[in-house]
Amino acid sequence: MIKIDTDRLPRHIAIIMDGNGRWAEKHTMGRIRGHRKGAQAVRTVVRACREIGIRYLTLFAFSSENWERPAKEVQALMFLLEEYLDKELAELQKQEIRLTTIGDIERLTPVVREKLFQVKESTATNDKMVLNLALSYGAQDEMIMAIKKIIEDCGSGKMEIKAINKETFSQYLYTSGMPDPDLMIRTSGECRISNFLLWQLAYTELYFTKVLWPDFTKDDLYKAIASYQKRERRFGLTSEQLKEVNTEMCKGKVNA
Ligand code: IPE
Ligand code: IPE
Ligand code: MG
């Protein structure tokens, strides 16, 4: 088992769960069987994150571009989502996990929307972990939506142009109120972002693995976290400056 330091965990992990289709192909099965197996990996990873104490887990489950896939595949993905929500509600409650979503969920079918609404409502006060599903999500659309809303609010006097800054802009995004991801994992060997959290990933540590999503295990999660823990996040500063900041923070803690 890979060793991780539970005192220095990423607060927020975001995952691009990719490779279901290739997994199915490798096992000479249809793509939908790959998605079904992928749903199993979701269960494993949610459980593992909750167990070690990750506070936020964002999973890219369906992108705004995925609507263009064959209708049969889209339908199957929607059905799997419904099934996941039905089956997992009890587990989310037991584990005190809150479910949230980001994305244009108005595009989902009324049945899925209703189920999502119910699960979100029933888990709203759970506070051990946030499981945030990116559904019908695209970061470029998200930013355009935010800009439109800002222009509207400026027009109606709710917002002033001079008040627009990184913090206020963030409040107009789907992820408002959530910390930015510390670690972003993408499976299946693709080294791209595919329109996921373009704003929020500005200083996120990126981890790419060749493992296909349906094969992703707790061990793979630990490997990603261990890699994250070996890195130095500099946020544009120098290593020396960071050491000073850390020393100051430690002093602050001692004095507090
Ligand atoms: C990720 O697996 C799941 C979704 C995008 C919904 P893919 O379906 O993209 O799998 P590959 O990339 O074709 O292998
Ligand atoms: C990104 O994967 C979206 C999800 C994992 C839901 P895709 O398979 O859609 O991305 P591309 O097409 O390889 O960029
Ligand atoms: Mg893919």
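So, Asn195 and Glu65: their side chains make a polar contact at 3.0 Å. By polar contact I mean a pair of N or O atoms within 3.5 Å; within protein, one must be able to donate a hydrogen and the other to accept it, and residues adjacent in sequence count only if both atoms are side-chain atoms. Asn195 sits in the loop between β5 (183-186) and β6 (205-208). Helices (H or I, at least four residues) and strands (E, at least two) are DSSP runs here, numbered from the N terminus. Is Asn195 buried or exposed? Asn195 counts as buried, because its relative accessibility is 12%; buried is under 20% relative accessible area, exposed is over 50%, and partly exposed is in between, with a 1.4 Å probe and protein chains only.

Quick word on what you're looking at. This is a predicted model, where local features need pLDDT of at least 70 and side-chain atom pairs count only at pLDDT 80 or more, while totals for chains, interfaces and linings use all residues. Residues are numbered from 1 along each chain as its sequence is written, chains are lettered from A and ligands numbered from 1 in the order in which they are written, and side-chain values use heavy atoms, leaving out hydrogens and water.

Okay, on to ligand 1. Which residues surround it? Among them are Met17, Asp18, Gly19, Arg31, His35, Asn66 and Arg69, where near means that one of a residue's heavy atoms lies within 4 Å. Oxygen atoms of the ligand lie 2.9 Å from a polar side-chain atom of Asp18, 2.8 Å from an N or O atom in the side chain of Arg31, and 2.7 Å from a polar side-chain atom of Arg69. Of the 370 Å² of accessible area that ligand 1 has on its own, the protein covers 87%; those areas come from the Shrake-Rupley method with a 1.4 Å probe, and for residues, only the protein chains shown count as cover.

Now strand β2, residues 56-63. Why call it largely enclosed by the rest of the structure? Because seven of its eight residues are buried. Strand β2 pairs in the parallel sense with β1 (residues 12-16) over five bridges, and pairing needs at least two DSSP bridges between two strands. Across that pairing, Ala14 stands opposite Thr58 in β2. Seven bridges join β2 to strand β4 (residues 129-137), also running parallel, and there Leu57 faces Leu131 in β4.

Last stop is Leu237, in the loop between α7 (218-229) and α8 (239-255). Leu237 is partly exposed, at 36% relative accessible area.
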